[in-house]
Amino acid sequence: MDTDKEITIMLDAKIPSGPLTEKWDKHRFELKLVNPANKRKYNIIVVGTGLAGGSAAASLAELGYYVKNFCIQDSPRRAHSIAAQGGINAAKNYQNDGDSIRRLFYDTIKGGDFRAREANVYRLAQVSNNIIDQCVAQGIPFAREYGGLLANRSFGGAQVSRTFYARGQTGQQLLLGAYSSLMRQVAMGKVTLFPRREMLDLVVINGQVRGIVVRNLISGEIESHAADAVVMCTGGYANVFYLSTNAMASNVSATFRAYKKGAFFANPCYTQIHPTCIPVHGTYQSKLTLMSESLRNDGRVWVPKTPGDRRPPNQIPESERDYYLENKYPSFGNLVPRDVASRNAKAQCDLGKGVGETGFAVYLDFKDAIKRDGKDVIAQKYGNLFQMYEKITASNPYEAPMMIYPASHYVMGGLWVDYNLMSTLPGLFVMGEANFSDHGANRLGASALMQGLADGYFVIPYTIGGYLAGTDRPEVTTDHPAFKDTVHHASERINKLLSINGKRTVDDFHRELGHILWEYCGMSRNDEGLLKARKLIQELRGEFWENAVVPGSDKDFNQSLERAGRVADFLEFAELMVVDAFERKESCGGHFNEGYQTEENEAKRDDENFCHVAAWEYKGDDAQPELHKEPLVFENVELTQRSYK
Ligand SMILES: Cc1cc2nc3c(=O)[nH]c(=O)nc-3n(C[C@H](O)[C@H](O)[C@H](O)COP(=O)(O)OP(=O)(O)OC[C@H]3O[C@@H](n4cnc5c(N)ncnc54)[C@H](O)[C@@H]3O)c2cc1C
């Protein structure tokens, strides 16, 4: 019997009392412990093998728990985290340039436009330093200075250099570190890996999450797995825009199915449009490529001063170039946060000053940096990114400026979690990009890797023990009727998708959905457009279930079927995004409602009425979701209008 509706859900963030700097220490002391010999009695499911899931699975197994670890890809190493380029933040202050835990905390709170929870962000800044130590001990080849110390570079929204990096492949190196720790536990029999599995649903018994149902993507078989707790680390939903910098398999399905089982979805409208991506070049393109923010350490962003100037960049003299970020934001220059840089690029293109064939691009120019530091130095820092750019565009960025344009990249929204990273469903923990926790309305560069690894290496190992030791859970196996029910529903949905037998491809629906969101719920939004988008999404969803074509069978490897399931979820979830954006009558970070802007076109918050997390509860397919608010209380920072001038 699935009894998840019988419990009353309270939106209590469980923030420990006491001074900000002592909350985490105090909480760790107060959390119940599972004694070492008892840990082996518990089974934990970790869904996802990216930086959050990989680090969590390895750490929990190292503690002694039995872990089952699932992922879509053929190897944990292929999680989307592998693509992360620029770096990971930490408050080590190796540069002696004024950094501290407090400054990293403040920059992150301000960068998120004062829409994140203070206690979580402070803890993140505190454990950031442990992450670097852990990764160095694993052998991550971070860039080093001449003397052997770890090197740093700058990222947006900060005036100190605190980003640790391994060329433009930081995610890859960090993931290999987590993967090594994971495989050590696999070899010791503490972690069982389940690659090529897609989580279709959660199993909730007596109000507690007790397992998952997955599809074996090779055989098509539907499998059930029971556990004492489930840790979801399934990444972000930026692919809802169709074109994004995310891996093709990144999805909302896992978190959205959890939402439908009772986990609240927080701030779904907070999405990040990254300013420096290779511009769209064709209708049938399925993917966009990021050019890391680290490039803005040395690259200068500009457009021609005169709208419609079509001359090649090297024929436009200095006096006719507009370095608009440096001019408008002299303190932060090209390293303003992403939301600010993206909106400014759009504004320049809207004025007719965009470059390239489509006019939807601005220049990112390394000429001055190469002149100052030499080509070799620039190649050492960004060589692989330059090579990637040249391969895709056939233009050599050492000789001509890159052309870049904003693209969907990251999501700050995700499943609501408390200070312990537990969702509103007891026993369901959510980590990494899949939760909403630490970035408010805008994430600063190099903070996602920090958060994923903080969650996995340093937070969950404590907080899950508190849950396991502090709750009673009856013995449950996959023979329980709730598992049978969930398998039945999952199979029914698959059969429904396969029997639509329409004429339009799933990708075509997805592409149209992406257009709707980009137009009406993208870099800027307004009430009229959001209402229109909601209607368009509902119509498109209706058509999908009448006219989509999903070839093949469910008893086989069938990527069309996989994609159809994910797009069906995107079509429902997109409406939640739009509802959330419409409800938030202010602008903050990545949520820019044109009706709420300062005279200088910056986001204008309404702290009196919207200083809260918006957490949505599913109420049925045809019902309006219910809004719950978690008030955000700021005791350690003063709420100000964000300024990067
Ligand atoms: C191109 C690019 C560059 C970036 N560079 C940086 C950077 O330099 N610094 C930084 O801080 N951040 C960066 N980011 C952001 C950062 O990479 C991500 O936010 C982060 O890696 C997400 O990690 P994760 O563990 O939460 O999820 P992911 O790495 O996305 O992993 C998700 C895991 O969940 C699994 N999964 C998903 N759905 C299911 C399902 N239904 N069933 C089973 N398994 C499932 C997947 O198989 C995968 O194993 C970048 C992002 C992109 C796109």
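Guide: Let us start with Phe634, which is buried, with a relative accessible area of 15%, bearing in mind that this is a predicted model.

Visitor: Why does 15% count as buried for Phe634?

Guide: Phe634 has a relative accessible area of 15%, and buried means under 20%, so Phe634 falls in that class.

Visitor: And which ring does Phe634 pair with, and in what geometry?

Guide: Phe634 pairs with Phe114; the ring centres are 6.3 Å apart and the planes stand at 75°, so the pair is edge-to-face. Phe114 sits in the loop between α4 and α5, whereas Phe634 belongs to the segment after β21, and the two are 520 residues apart. Phe114 is buried as well, with a relative accessible area of 0%.

Visitor: How many aromatic pairs are there in the structure?

Guide: The structure holds 28 aromatic pairs, and ring pairs also link Tyr237, Phe256, Tyr259, Phe265, Phe573 and Tyr618 into a cluster.

Visitor: Switching topic, what sits over the ring of Trp302?

Guide: The charged end of Arg321 does, 4.0 Å from the centre of that ring, and Arg123 lies over the face of Tyr419, at 4.1 Å from the ring centre.

Visitor: Now the fold: what is the strand order in the open sheet of five strands?

Guide: The order is β5-β2-β1-β9-β17, with parallel pairing, and β5 and β17 are the edge strands, each pairing on one side only. Four bridges join β2 to β5, and helix α6 lies across these two strands, running at about 110° to β5.

Notes: Residues are numbered from 1 along each chain as its sequence is written. This is a predicted model: local features need pLDDT of at least 70, side-chain atom pairs count only at pLDDT 80 or more; totals for chains, interfaces and linings use all residues. Side-chain values use heavy atoms; hydrogens and water are left out. Two strands pair if DSSP finds at least two bridges between them. Contact means heavy atoms within 4.5 Å. Axes are lines fitted to C-alpha atoms, for helices over the stretch in contact, and angles run from 0 to 180 degrees between N-to-C directions. Rings of Phe, Tyr and Trp (its six-membered ring) pair if their centres lie within 6.5 Å; planes under 30 degrees apart count as stacked, over 60 as edge-to-face and the rest as tilted. Buried means under 20% relative accessible area, exposed over 50%, partly exposed in between (1.4 Å probe, protein chains only). A charge sits over a ring if NZ of Lys or CZ of Arg is within 6 Å of the ring centre and within 35 degrees of the ring normal.
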